[in-house]
Amino acid sequence: MEENSQVIEVPNQKKGLGIAGLILGILSILCCAFCGAGVVFCIIGGIFSIISIVKGTGSGRVLGIVGLVLNILGLLINAVMILSIAMMIDWSKVTPENLSTINQIDTNDYNQVEQWVQQFFRMDLTTN
């Protein structure tokens, strides 16, 4: 008797890039508090996610889509953070002359450093 055996082929799901895009998307959102440092994670994660969507199948494609959504969300949040910090700076006072005055202060004296930094911001940064 001959047995009818069928070979079941499991499609290559290419989940690795989808997982990487998903993790980088999560990191981009978590790192937005660090003055836009998550932008790097957004870009790399977005590339991985797009590759996973294009070349992946099944759960690899789903992970790529979720990763792409998270990376776009992270990019938007990081852009808002960068813009809000840029709006707090008084750019008219950021001149080479003002920046070179750092050499005239004692960097070990917290009050002098605080006053020097304060001159560049539109809002009060003092802790007192």
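This is a predicted model: local features need pLDDT of at least 70, side-chain atom pairs count only at pLDDT 80 or more; totals for chains, interfaces and linings use all residues.
Student: Which elements make up the chain, and in what order do they run?

Tutor: The chain has 5 helices and 0 strands. From the N terminus on, the order is α-α-α-α-α.

Student: How should I read helix 1, and what span does it reach?

Tutor: One compares the span with the expected value at 1.5 Å a residue. Helix 1 covers residues 15-30, and its 16 residues reach 23 Å from the first C-alpha to the last, close to the expected 22 Å.

Student: Which residues of helix 1 are buried?

Tutor: An α-helix has 3.6 residues a turn, so residues three or four places apart point the same way. In helix 1, the buried residues are G18, G21, L22, L24, G25 and S28.

Student: Against what do the buried residues of helix 1 pack?

Tutor: Their partners are helix 2 (39-55) and helix 3 (59-88).

Student: Which residues make the nonpolar surface patch?

Tutor: L17, V40, I43, I44, I47 and I51 form this patch of about 480 Å². Helix 2 gives the most to it, with 5 residues.

Student: Why does I44 count as partly exposed?

Tutor: The term applies between 20% and 50% relative accessible area. I44, which is found in helix 2, counts as partly exposed because its relative accessibility is 37%.

Student: What share of the chain counts as buried?

Tutor: Of its 128 residues, 23% are buried. The chain exposes about 9100 Å², with 67% supplied by carbon and sulfur atoms.

Note on methods. Residues are numbered from 1 along each chain as its sequence is written. Side-chain values use heavy atoms; hydrogens and water are left out. Helices (H or I, at least four residues) and strands (E, at least two) are DSSP runs, numbered from the N terminus. The expected span of a helix is 1.5 Å times one less than its number of residues. Buried means under 20% relative accessible area, exposed over 50%, partly exposed in between (1.4 Å probe, protein chains only). Contact means heavy atoms within 4.5 Å. Patches are made of residues with over 30% relative accessible area and no salt bridge: like charges are joined within 9 Å, nonpolar side chains (Val, Leu, Ile, Met, Phe, Trp, Tyr) within 5 Å. Accessible areas come from the Shrake-Rupley method with a 1.4 Å probe; for residues, only the protein chains shown count as cover. A salt bridge is a side-chain nitrogen of Lys or Arg within 4 Å of a carboxyl oxygen of Asp or Glu.
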